[in-house]
Amino acid sequence: MKEQLQYVWLLSRRELRDQLRDWRILTPLLILTIGFPFLMNLVAYYAVDLTNQYGGDLIVDRLVPFSILTIGFFPITISLLGALESFVGEKERGTIEPLLSLPLADWQLYLGKLTVGIVSPLISSFTSTGIYLFMVTRQGLDMPDPLVFVQLFLLTIAHALLMISAAIVISVQSTSVKAANLLASFVIIPITMLMMGETALFIRLDNQVLWCAVLAVIIMAGLLVRLGLAHFQREYLLGRDIDVLNLRWMWKTFWEYFRGGAQNVGGWFSVSLKTTFAKLTRPIAVLLVIAAASVWVGYAASQVYLPQYYSATGMETERLDALRARLSENGNLENISGSITAAGLFAHNFRSTFAIVFMGLFSFGVLGLVLYVINIGQIGVIIALFQLAGYPPGPLLLAGVAPHGIFEIPALIISCAAVLHIGLTLVTPQAHRTLGEVMLEALADWLKVTLAIVAPLLAVAAVIEAYITPQLLCSALEIVCK
Amino acid sequence: MIEVHNLSKQFDNFWAVEDVSLTVQPGQILAILGQNGAGKTTTVRMLTALLTPTRGWARVNGYDIVTQGDKVRASVGVLTEQHGLYMRMSGVEYLDFFGEMYGLQDSRKINTRDRLLEYFGLAEAARRRIGEYSKGMKQKLALARALMHEPPVLLLDEPTSAMDPESARLVRDQIANLRSSRRTIIICTHNLAEAEALADVVAVMYRGRVLISGTLNELKDATLGAREYVVTLAGEWHGSLDLPSGVSWGTRDPGQIRFRVDAPATANPILVRELVKREAPVVSIQESPRSLEQVYLTVMAEAQKPRGKSR
């Protein structure tokens, strides 16, 4: 293994040397590395002054983690250009074929490019951060907590991995540097949005949530590397010369996968859908375990943190009394039952499952899974809340959750399983199939399940939740209230 | 040795290479001729295990190109259509890099690199940036790269393109020398004179298929028909002649008579004897030159003939 990794390093070393000889890469990198910490420091002071003038009560120390995160991020954006042209640039210059003709495995070639893509921006990022920290100590500002440093360090590495590995995936899939650069926005925009979220967490200093974010970003970075490795093929780099948006091929391929060889609707249900559902059994099993864990964590965490929170904020009596009052007023619930429509519930639940799909598509299912955990975890929170309010949760679950839940929860699980399946399919090596083809198959599988299983289940759940659950809940709460 | 059987490659709905079968023995040079887009480069890329065949198989130096790709690539030295050099590196750095990537020990790497630089006349420019090299120097360096790991098989795509005649001659001589070291060599080229000078076996490709292949003489016999012999006479001769079997008249000029001969070894001595007996003032008898160019143009003209439409 050591010997095989040695070739990865040889490949990276050559390219690193090449980069260090290219003033077009070196100059902006040096300017950013050395100049940006000073600029950031200045801007932080101005920002604090400005907010304080309007009663913002912001102190510079609070901005230090955010500044480190931003300073670490910028040199990576410059290196993105190098990564974007890593394979496609060599293809354009005609240097790719001798490289591909070497007796190396695909993963060695890929890791060689990834290593050089990661090493130079990280050196630059950490140098830049070092300069900034030196300035922080000189100005007598408070250093962040060591754990925050660890988070920043991991996040910077994860950002570099995310951006560079995504750029290399683009580089492999593109047929020209121009096309690769155009596709760069698919990397920069999501990462910038991610940074904004992380920044908010750093400024709020919400450490536990931040650790979850760090974990999610690292998992996504790992999956993206895996995606690149899974779909890196020498043939793909040499076999195509022009980028053509072949809508006809896309539709034909998608339709073939969607149809799954079925000749009629009956066949589609009995063969095509069955085959697709069989692919989801493992993700469904995983999601069932996660669901149980989420409910338990939601319940246990609420048992511990809700009383703490209410007593800390002095709202305990007020909030719980309000809850008791609402639960005792049957008329309120009856009113609510009249105002909720099945269509509205269906639209809301379908939006929720679609949000899971949307977030999951950009993160190999990771962010979709986060939404799923939040959704399912709420059941545990509600149980805990009712217990705290002095009501046994059993009747509530039986009357208020179970009737529509037996349709709604499986729909949520199956929908999320389809998204996880998309992520899994993308990171699984697929011999002789392009990334586009794999994506089309995964999307066709998702649509099949959504149309044939998820949507009908959600529709049934919505009707029950709108017209039956409120009645059952009213009777159940009457018993409880007595 | 290279063995190719029904090798085919399909891109989308287009067959770039279809049912190509060839065998090249160690010490032999095969020249693949054909227009641009004939499938030469795709064939070479499959033999380098860069592209996976859609059907058929091939073994290079005893290794299967699909299941033993790494071993195939380790056995093959490739000169690609574009030289593929890193312009910011020096010649020495470039060859060292490839030497290391092929796993050569330091001493062997340095010895081979210096020998090749010397051999190709690049020793003086070895420490200069490749970007400063002339086209010919770049091509020679690319060839040196292909030889760095001393591979038993060489696949050379347009080895002398963009070279001045002197450099091209030098490279041709070096390729000819490589044959004597029992290497198996495939050359893809448009240069018919080069193919004729170097190749033992020639294959002509058109639209992904091999139209014809064989030794030069086999190809000439198959495409140009019986060999033509020119009898040069000292003066006019109007005598008649009973032609031996397998010999037919060609053109007849006052100082020259042409004959087509199927089996020259047996027919030519009889023919000369008959001419002398009939007092023809024979000065010399020579085979009329038949070039590879004639073969190629004949084969291509035949291939491009419009076929009758079936109704």
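Modeller: Two strands are said to pair if DSSP finds at least two bridges between them, and the helices (H or I, at least four residues) and strands (E, at least two) are themselves DSSP runs, numbered from the N terminus. This is a predicted model, in which local features need a pLDDT of at least 70 and side-chain atom pairs count only at pLDDT 80 or more, while totals for chains, interfaces and linings use all residues. Residues are numbered from 1 along each chain as its sequence is written, chains are lettered from A and ligands numbered from 1 in the order in which they are written, and side-chain values use heavy atoms, with hydrogens and water left out.

Strands 1 and 2 of chain B form a hairpin with 2 residues between them, and in its turn D12(B) has a positive phi of about 50°.

Further along chain B, 6 strands make an open sheet in the order 6-7-8-3-9-10, and their pairing is mixed. The edges of this sheet are strand 6 (76–79) and strand 10 (209–215) of chain B, each of which has a single partner strand, so that one side of each is left without a neighbour in the sheet. From one strand to the next the twist averages 15°. The partner of strand 6 of chain B is strand 7 (residues 153–157) of chain B, and these two pair in the parallel sense over 4 bridges, with V76(B) having V153(B) of strand 7 as its bridge partner. Helix 8 (residues 216–224) of chain B lies across strand 9 (201–206) and strand 10 of chain B, and runs at about 120° to strand 10; such angles run from 0 to 180 degrees between N-to-C directions, with axes as lines fitted to C-alpha atoms, for helices over the stretch in contact.

A second open sheet of chain B has 4 strands in the order 12-13-11-14, and its pairing is antiparallel. Because strand 12 (247–253) and strand 14 (282–287) of chain B stand at its edges with a single partner strand each, one side of each is left without a neighbour in the sheet. In this sheet the twist averages 20° from one strand to the next. Strand 12 of chain B is joined by 5 bridges to strand 13 (residues 256–261) of chain B, and the two run antiparallel, forming a hairpin with 2 residues between them. Opposite R252(B) stands I257(B) of strand 13, and opposite S248(B) stands R260(B), also of strand 13 of chain B. Helix 9 (residues 264–277) of chain B lies across strand 11 (227–233), strand 12, strand 13 and strand 14 of chain B, running at about 150° to strand 13.

Turning to the neighbour, the contact (heavy atoms within 4.5 Å) takes 29 residues from chain B and 26 residues from chain A. The area buried between the two chains (the accessible area, with a 1.4 Å probe, that two parts lose on being put together, summed over both) is about 2700 Å², of which carbon and sulfur atoms give 57%. On the side of chain B, Y86(B), R88(B) and M101(B) lose the most area to chain A, and together they account for 28% of what that side buries.

Across this interface there are 6 salt bridges, where a salt bridge is a side-chain nitrogen of Lys or Arg within 4 Å of a carboxyl oxygen of Asp or Glu. The side chains of K9(B) and E235(A) meet in a salt bridge at 2.2 Å, N to O. The elements of chain B that give two or more residues to the side touching chain A are strand 1 (2–11), helix 2 (69–75) and helix 3 (91–101). Helix 3 of chain B gives the largest share of that side, 5 residues.
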